Amino acid sequence: MKMGKHRRGRVGIGLVVLLALALMTVYLASCSGTSSKKTTTSSKSTKLPPGTTESQVKGASTTTSQAQSSQASSSSTSGTSSTATTTTATTPSTSADLVGARFTVVSATRLTTNKSVISSSSREVAGDYLNVELKVQNVGTGLVDLSEYSFRLYSPGIDADSYSDYYGTTTTYGAYVTTNTISGTLMDYTSLAAVAYKVKIGEEVDKVFLFYDLNPLNVAKNAGVTKDNTSLIIKKVSGTDYGEKVSIPLTGYPD
């Protein structure tokens, strides 16, 4: 009986030892897994500079990203603004003063028909025409009588000698002056009548124009006449300061 008790005691102690060893094994395995997991996580993290926290680093990264985005947006806007500020040339309004009157060429337009100077019952004729719109202001000290002025067109491409008979005496389309010069009648856009106003001091007259046929013998364009080689010559043909004249070049006026 005594022998059986000692044996059972030793068996019990063995079981306790085995159980302890099993628990130790499970604990070590658990510790090993945690350590491995921590090591893996640590290998993926970024090492922070001394004295900084992860939130500070994230904040600085966000600020930098926003600044770069703002700079890119600013560059894009600047480029658009630069393109939008491209300037466009405008029609010149060249002026010249003659005996108290200031004449300004508002426009000089090349036309392919005489439609703008005929009534509804007149015949429309194709050709090469030049419509010159003027504005006249009295900048002198007395009345300006527009009937005392002659309005002439000069160009080396005008061969007035070859078609002087065509113009006749009405001068609606021009009248012979010299080989390269023709004169025109100052007309009102509304009535198409000749303008012979007396303009008061400080008064300005607009919507008046001249109309020239540049190629009376042909409907084709007169290639010898260009805006760069053409000038409007205004001459005082009667009254005070008779013979005085000014020239306004048509260079720069678009067709």
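Here is a short talk about how some features of this structure get their names.

Me: What kind of model is this, and how are its residues numbered?
Reply: It is a predicted model, in which local features need pLDDT of at least 70, side-chain atom pairs count only at pLDDT 80 or more, and totals for chains, interfaces and linings use all residues. Residues are numbered from 1 along each chain as its sequence is written, and side-chain values use heavy atoms, with hydrogens and water left out.

Me: Thanks! How many helices and strands does the protein chain have?
Reply: There are three helices and twelve strands. Both are DSSP runs numbered from the N terminus: helices are H or I with at least four residues, strands are E with at least two.

Me: Why is the pair of Y189 and F209 called stacked?
Reply: Rings of Phe, Tyr and Trp (its six-membered ring) pair if their centres lie within 6.5 Å; planes under 30 degrees apart count as stacked, over 60 as edge-to-face and the rest as tilted. The centres of Y189 and F209 are 4.3 Å apart and their planes are at 10°, so this pair is stacked. Y189 sits in the loop between β8 (187–188) and β9 (198–199), while F209 is in strand β10 (residues 204–213), 20 residues away. The structure holds six aromatic pairs.

Me: Are those two residues buried or exposed?
Reply: Buried means under 20% relative accessible area, exposed over 50%, and partly exposed in between (1.4 Å probe, protein chains only). F209 has 0%, so it is buried. Y189 has 32%, so it counts as partly exposed. Of the 255 residues in the protein chain, 29% are buried.

Me: What makes K236 a charge over the ring of Y149?
Reply: The rule asks for NZ of Lys or CZ of Arg within 6 Å of the ring centre and within 35 degrees of the ring normal. K236 lies over the face of Y149, at 5.5 Å from the ring centre. Y149 also forms one aromatic cluster with F103 and F151.

Me: What is meant by a nonpolar core, and which residues touch the most other members of the largest one?
Reply: A nonpolar core is a set of buried Ala, Val, Leu, Ile, Met, Phe, Trp, Tyr and Cys residues joined through side-chain atoms within 4.5 Å. The largest has 34 residues, and F103, L134, L146, Y149, F151, Y212 and I234 touch the most other members. Another core, of six residues, lies apart from it, and V117, I118, M187 and F209 are among its members.

Me: How do you know that β3 and β10 are paired?
Reply: Two strands pair if DSSP finds at least two bridges between them. Eight bridges join β3 to β10, and the two run antiparallel. Five strands form an open sheet in the order β1-β2-β3-β10-β8, with antiparallel pairing.

Me: What makes β1 and β8 the edge strands?
Reply: Each of them pairs on one side only.

Me: Why are L192 and K207 called partly exposed?
Reply: L192 has 28% relative accessibility, so it counts as partly exposed. K207, at 49%, also counts as partly exposed.
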